[in-house]
Amino acid sequence: MSRFATGITIVAGMEGEEPVGFTCQSFVSLSIDPPFVAVAPARTSTSWPRIAQAGSFCVNVLGDRQEELCRGFAVSGGNKFVGVDWRPAPRTGSPLIEGSLAWVDCRVELVHDAGDHELIIGRVLDLGVGDGSPLLFFGSKFATVAPRASDEDGE
């Protein structure tokens, strides 16, 4: 599957007053009507069960300047939000990370067994976009979008 380029997100929620999050490549826009997205945390995730208890989460789409942030949220354990600027998402209060390329504030709608992962369907309650280019993952390496020569010429 390393030949399929994916964007990178941080899925974040609240456990009481504490922000919790994890890096997630398994994110997709699922439906426009009703508005649904899906994320697929591994069953071994220690962060997702903490987020799930709140019943809501915010997907933060990372930009190409957020590789270090991505790496910090990919590790297990610890307080990953130390030094991270965030604010409560408008509808759920889930962590909306400053500088994200986009964000999607969601309520957990359905949870499905998906082998060694869970498939979480989130109802989109609010969303927003920032500026920049996406942080991508391809061939087990970080990547960014490069315009094709014809795009640079305005064609």
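**Entry 1: around V39.** I began with V39 in this predicted model and listed what it touches beyond its neighbours within four places in sequence. The contacts are V11, C24, S26, F27, F57, V59, E118, L119 and I120.

**Entry 2: the core that V39 belongs to.** Next I looked up the largest nonpolar core, which has 14 residues. V39 is among those with the most contacts inside this core, together with V11, W48 and F57. Two of these names, V11 and F57, were already on my contact list for V39.

Which elements each supply at least two residues of this core? I noted β3 (18–24), β5 (36–39), α1 (48–52), β6 (56–61), β9 (102–114) and β10 (117–129). The largest share, three residues, comes from β3. A reminder to myself: in soluble globular proteins, nonpolar side chains tend to be buried together.

**Entry 3: a second core.** I also found a separate core of eleven residues. Its members include L62, F73, F81 and V84.

**Entry 4: strands at β11.** I then turned to β11 (residues 135–138) and asked which strands it pairs with. Strand β1 (residues 6–7) pairs with β11 in the antiparallel sense, over two bridges. Here I saw G7 opposite L136 of β11. Strand β12 (residues 141–144) also runs antiparallel to β11, and four bridges join them. One pair I wrote down is F138 with its bridge partner K141 in β12.

**Entry 5: the hairpin.** How many residues lie between the strands in the hairpin of β11 and β12? I found two, and G139 in this hairpin takes a positive phi near 60°.

Notes. Residues numbered from 1 in each chain as written. Predicted model: local features only at pLDDT ≥ 70, side-chain atom pairs only at ≥ 80, totals over all residues. Heavy atoms only, no water. Core = buried A, V, L, I, M, F, W, Y, C linked by side-chain atoms within 4.5 Å. Buried < 20%, exposed > 50% of the residue type's maximum accessible area, 1.4 Å probe, protein only. Contact = heavy atoms within 4.5 Å. Pairing = 2+ DSSP bridges.
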